[in-house]
Amino acid sequence: MSNEELLQLSRDELINRVEKFLRQVEKYDEELSLVIVNRRRSLVVDFNDLLLYDKQLADYLIEKPDLVIESASEAVGRLIEEKDPEYARLVQRFHARFRLSPMERMSIRRLRSEHLGRFVSIEGIVLRQTPPMHYVKMAKFRCNQCGYEVTVTTDTYNSLQPPKKCPQCGAVNSMVFVTEESVITDWQKILVQEKPEETPSGQLPRSIEAVLTDDLVDTVKPGDRVMLSGVLEINLFEPRRGKLPVFSRLINVNYIESLQKEFAEIEITPQDEQEIRKLAMLPDVKERIIASIAPSIYGLDDVKEAIACLLFGGVPKELPDGTRIRGDVHVLLVGDPGTAKSQLLKYVARIAPRAVYTTGKGSTAAGLTAAVVRDGLTGEFYLEAGALVLADMGVAVVDEIDKMDAKDRVAMHEAMEQQTVSIAKAGILATLNARASVLAASNPAFGRYLPNRTVAENVDLPVTLLSRFDLIFIIRDEPNIDRDRTVAEHVAKLHSGELTQGFRNMIRVDLLRKYIAYARKYIKPVLTPEAKDRIVGFYTQMRAKSTQEAGSPVAITARQLEALIRLTEAEAKMRLSSIATAEDAERAIRLFMRFLQSVGID
Ligand code: ADP
Ligand code: MG
């Protein structure tokens, strides 16, 4: 029997066929019971099960999703009724939701007209979300003069319009909307953007609107990585401006789930693991990692080590009282123009397993944190995720951070320490996750870095925000004949295609990425007592010094103690060690001292 023949199947026959499938595949009996026990309204069906049991039906779902989903939902309703008639009566409308396997996933970029009306599955990041709204599927109007009733089934071309005159008694404007007898469902629109790693370099990420209804509403948040399947449709919700019959599209979502936001979405094969382990055994693995960070940039080894610490990160901690201490390392580079800051940042954005690159100004209204924006076309309010939310569980690379707008200046404080972004505006109230490391760069406020002024004066960022960076480096462009010559030679060699020292020990970019992803996923170092002693000793010493000197450019607080611990953990992770030793602590302290010297304390 071909699909053509299947087309002849009546709705009843389709329902029976789905019902048979659900009865025959054992696990769905339990799943159905779980739906009842958990008071849910949806049964999730694995597309693969359907494919194995009834391939034609599976194919038919892809081709004619609306019909199959509707019939399947009806079948689910019947089976639930059999098990628990009372609950079935209470809910009335159940849903069959189909989870497609990763094999069936499409890239947002490749969706075309040929996919319209078909069942598709995509993966992406939720960029925007409207608050929950109510969609009227069927409206009941009643004449307030004679009681005559009219039902209007909505179609998306028209807004809900009752008849001007009562068809029975002829009274004008007498038809009143009857809420309790209309069919209304929860409705929410989201915008899903393709994952940064799927966007070809140099191109803007594509996105697609998706509509969530009923129990799917509010199951995801901006910044979430999601997998969804649904029907690709022409976007009839878009207000028509009466010109060409050209429409955008949207996905009417049937199934959605948030994906685990592990750093290691990167696939690591057993061979990779072997290679990673081998690399970690090398005594000079740290040097190699540092040398592999932007090898085309000469010098700046401390900065590169700081960046390495940022890429590996410390260990986040959850205290018994529920407070969370971040493991993410934040680094700020302040420097004269032309000192390769932007170049370094671009490089990190390329090697970090998950990175979002932006400038302080940002390319969207949401900027660095989040915003409630109003869609210019539809007038709808949206909650939109900014760079730090999109970089959740990854690295947010922010160039020219001093140019960020006032709203972000405030929100960044929370985002960098608590690693959440809270927003309350236009009736939207939300807290989004922003567990990202921030690598930021800033040009000096006066065009050049003035050594006789403090960092805060030089950067034009509030001290409170500066204190949230674990490390700050000042990169100054001072003429120095020897150094200038070496840089010049380095750059000239690069341009002539010669390989310099730095490149020889370099770790391949793809391997380094996997190495970092592996460390972030599996290695959670613990400090040895010696390592702790070193850090505590150093901290108390620094603290004593900083309280003596009034007006120190950086206040030494418990925050810096946490920073030292994070850096020590990162140093251990760099060699894939689950124990952070005194040696790791020494390196962290050395790095920290370089930061203090660089900002003018020693
Ligand atoms: P910034 O963002 O600090 O103003 P850029 O990153 O745009 O500077 O760098 C300007 C140019 O100078 C880049 O092409 C960069 O590669 C080069 N450059 C600056 N310093 C170095 C260095 N130490 N080694 C190699 N190239 C450098
Ligand atoms: Mg720059």
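Reader: Which residue in strand 21 is the bridge partner of G335?

Author: That's I475. Before we go on: this is a predicted model, where local features need pLDDT of at least 70, side-chain atom pairs count only at pLDDT 80 or more, and totals for chains, interfaces and linings use all residues. Residues are numbered from 1 along each chain as its sequence is written, while chains are lettered from A and ligands numbered from 1 in the order in which they are written.

Reader: How do strands pair, and what is the case here?

Author: Strands of a sheet pair through backbone hydrogen bonds, either parallel or antiparallel. Strands are DSSP runs of E, at least two residues long, and helices are runs of H or I, at least four, numbered from the N terminus. To count as paired, two strands need at least two DSSP bridges between them. Here, strand 13 (residues 331-335) and strand 21 are parallel partners over five bridges.

Reader: What is the strand order in the open sheet?

Author: Its five strands run 14-17-20-13-21, with parallel pairing. Strand 14 (355-359) and strand 21 (471-475) each have a single partner strand, so one side of each is left without a neighbour in the sheet.

Reader: Is S113 buried or exposed?

Author: Count C-beta atoms, placed from the backbone, within 10 Å of the residue's own: 20 or more others means buried, 12 or fewer exposed, and in between partly exposed. S113 has 9 such neighbours, so S113 counts as exposed. You'll find S113 in the loop between strand 2 (95-99) and strand 3 (119-129).

Reader: Which helices each supply at least two residues of the shell around ligand 1?

Author: Helix 11 and helix 16 (481-495) do.
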